Amino acid sequence: MIKRSDVVMLGLSAGVTGSLLGGMMLGVGMALVVAGANIGWLLVLPAAPAGGVAGWMLARRLARDVPEG
């Protein structure tokens, strides 16, 4: 059975991981764009979805622990 603390930890870890991943991609990409390298857009555009994928993967791991029935 999933406890409330498991859901809280999932939210915290997904938020921190997603923020770090998306923020790093956004920061590096924007630095490249400002410097004139258009390749930076390849990091800027998928920054938010990449951060969300981290939370999705953590939620799938928690869902595996749920007993069926």
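Colleague: In which helix does L42 lie?

Modeller: This is a predicted model, where local features need pLDDT of at least 70, side-chain atom pairs count only at pLDDT 80 or more, and totals for chains, interfaces and linings use all residues. Residues are numbered from 1 along each chain as its sequence is written, and side-chain values use heavy atoms, with hydrogens and water left out. Helices are DSSP runs of H or I with at least four residues, and strands are runs of E with at least two, numbered from the N terminus. With residues 41-44 as its span, the helix that holds L42 is α2.

Colleague: Does L42 count as buried or exposed?

Modeller: Buried means under 20% relative accessible area, exposed over 50%, and partly exposed in between (1.4 Å probe, protein chains only). The relative accessibility of L42 is 61%, so L42 counts as exposed.

Colleague: What share of the 69 residues in the protein chain is buried?

Modeller: The cut-off of under 20% relative accessible area applies here too. Buried residues make up 23%.

Colleague: Which pattern does the protein chain follow along the sequence?

Modeller: The protein chain has 3 helices and 0 strands. Read along the sequence, the pattern is α-α-α.

Colleague: What is the radius of gyration of the protein chain?

Modeller: The radius is taken over C-alpha atoms, and the globule rule is 2.2 Å times the number of residues to the power 0.38. For 69 residues the rule gives 11 Å; the protein chain is well over that, so it is more spread out than a compact globule, with a radius of gyration of 16 Å.

Colleague: What box do the C-alpha atoms fill?

Modeller: Taken along the principal axes, the box is roughly 55 × 20 × 10 Å.
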